[in-house]
Amino acid sequence: MTRITILFSAFLAAAVVLLFPDEIKAQNFSLNTSGYYSRDGVDVMAFNDFYPEGHQGGISILMHGHRVASNGDIRFEPTPGQWQPVPKQLSRKVEGERIITTLCFPDSTRHFTGFNPMIYPDVQLVYTVTLEPSGSGFLLTVDLDRPVPEVMAGRAGFNLEFFPGDLFGKPWIMDGRQGIFPQQPNAPLLTQESYVYKSVGNFHPANTPNTDVKHLIGEGYSPFTADAVIAEPYAVGRSFTVRPDDPYSRLTIRAVTGADLKLYDGRMNHNNGWFVLRSDIPAGVTKKAVQWYIEPNVVPGWTYKPVVQTSQVGYLPSQPKVAIIETDRRDTPLAEATIVRYEADGEHVVKKIPAVVWEGNFLRYKYLKADFTGITEEGLYQVRYGDSASPIFRIASDVYDRGVWQPVIEYFLPVQMCHMKVMEKYRVWHDACHLDDALMAPEGNHIDGYVQPADNGTRFKALEPVPGVNKGGWHDAGDDDVRHTTGNECYILTMALEAFHPEIDATAIDQPRRIVEIHEPDGHNDIVQQIEHGMLHDVSCYLALGRFAKGIITNNLRQYTLLGDASTMSDEVPGNDDDRWIFPDTGDGMAHAVNLAASARVLRGYNDTLATHCERIAREVFAKAQAAAQSGRDRPMNRMQLATELYLTTGEAQYFDFILANWNAVTASASSCAWYMARVEKQMEGQEKYREQCEAFRAALQRYRSQLDRQSAETPYGVPYRPSIWGAGWDIQSFGYRHYFLAKNYPDIFAPDQVLDALHFILGRHPGSNQASFAGGVGAQSVTVGYGLNRADWSYIPGGTVSGTALIRPDFPELLTFPYLWQQVEYVLGGGSSHYMFLVLAARDLAGK
């Protein structure tokens, strides 16, 4: 763009303001009480969020009910991924209508250390990002405390990311050039030396574990050095418009000062990348290093279309049935909703029901409730509210009997099985994998939360082979490590078996041959076989190490980010440098032992040798903890759940005596322990010698009930729910699972409603416009793009239950269709899907089925 053109554009903008001041003023954005700019259906946020590695933070732009752009901030790569350095936010303040955020590089708490370590270049920089309304949009200004060093020229810049899932096949314009966002990233490539090899700072904080970054990088491509090969920009210019075809998504950004705008495809060097608009920071500049004018199109009078939220599966006839209707706060609520039933000849209106406003304050919406519990006739139904409608669902006595909880056992757990070849007719989900497990992890800070202390607590030295651990366990989510959550999975499955006795045989599992055949029966209960598979791993690790394992994980980052068949991670030959690393658990092993003690009960009679190992190890852990308690500060609740499971497994007085001797601690901790203690207390109930203990326990339950009611009343969804960056689905499932034991055993204190509310939340009655069931393949609409082993194919694993609707802070619920947002669509072991399965079975049980 020539100087004359720039001057003419500035003159034209000034002329518009002078000639049409009222119209411009009418378009102005203003700060609302939630701390972001809002105008009709457009919201612009400035650092309300800070989760940049998850494409969430910085400057974010929401337009007419969906997030268009996010993560506006300084980065050191044109297209960074989750492993690249992020700034540290120092302050955020509001001055009049301006939001001024101060940030800095580096964040030393993440340099070569932390849950997932990062590598910061040798740059120390403090800067401000100022956002303020201007005309019909915003002026964004970046000021630096010093110029960017020469080594980062062309690397440091201001990025704004655009969500790709809504853009494939859609148009953009850069100055006089046009384009269509492609389904896949396309060449040509731009190659350069990674900054990791040019400039690395010395910012590692003292007294924290260090990361062997050179080893993590390894040979060839590595996410740490992915800036070495990126895509050439699609276009370069001064003015960029995304979605010129759509008034609800049209957004124009102009470079006011500084470098040109460049449009990149971040998926070229990181599969989970987004489209990126960027201006490089010029050398030698501090003030107005970057200045953009951002103009989102506002559709006057736009309001959020009501969303009618129900279960995607349906309801038992006797269940409470309440639709939640999510509406714009500015709407005048309708008085009624309509229940429609579908017959062979079409739809029939059943009745009108009141739509009652929920008198609370939650997120950005107004909520109504429509209770249709009185509808008990079996059939296909829909709830309508104005022009909005729920998904079609069933009311039927067999609504949970097929394809609802079963996919967890039919598909999800078999597919996640490590050390096995998993087949489904024509399909091979993955070959037998990680048969070369494992080498003892060396000292240091690894990835995904794994840290090895100097003393690993075993007889094995660093990188020494640990034999016998290449069996059992499940891959955790899409990361393919076998975590300590393997035992948690077994515990939940055991609770389900003991509470509901479900029968299912849809999978043939051949442990000696390491083969799994989905949809081939073998005469055994699949749930018992899955518990066996999990305990084979935990027990094998204990026998090899003399203690439990925290987990087994890939040893470099290229392996960790592998998508697809996990058997390709290594050569399956033990004792070389592609083997995974094992991390011993250097704690007391109490939580692991709880899982073993419970699992022993259901393994007895199926695999007696394994059951004996489980019980023996659990006893040993308890005995060691008892001995340690004699010589130090005693914390009996640390051992209470293990004592409970050992008592239920063995019936021995020593464990019951321990429980009874510490009953005061039990009642004081009722909110956290009552769910598992209920099985013991019910044995004590009615016996005069335990009357005092039982009365104290019930009094504690009453207090907990009051606390629970207050928390549940904070939202219209009937369960304790305080949204954060991550989807809360797993937490709500965990709550419902634990609450079942209270509702079942103490129906005079706890109603079953919260168990059912937790289930309905997972099955679609949750905040936001995306009503999908969190359980993949379950219900009329479900999340069928998940963060699992097949995420690169934009696919899912049936029965896998995702983390669910996340929060774009402070108040926007979001569930995107995008396979790489772990905070929304990740699967997990040790809860998640198995908790969901438990909730479905609990709903049947509480209804008397």
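Is Cys-104 buried or exposed? Cys-104 is buried, with a relative accessible area of 12%; buried here means under 20% relative accessible area, exposed over 50% and partly exposed in between, using a 1.4 Å probe and protein chains only.

A note on reading these views: this is a predicted model, in which local features need pLDDT of at least 70, side-chain atom pairs count only at pLDDT 80 or more, and totals for chains, interfaces and linings use all residues. Residues are numbered from 1 along each chain as its sequence is written, and side-chain values use heavy atoms, with hydrogens and water left out.

View 1. A disulfide (a pair of cysteine sulfur atoms within 2.5 Å) is found zero times in a search of the whole structure.

**View 2. The fold of the protein chain.** Here you can follow 18 helices and 42 strands, which are DSSP runs (helices H or I, at least four residues; strands E, at least two) numbered from the N terminus. Of the 849 residues, 59% count as buried.

**View 3. Contacts along the protein chain.** Contact means heavy atoms within 4.5 Å. Among contacts between residues at least 6 apart in sequence, 71% join residues at least 24 apart.
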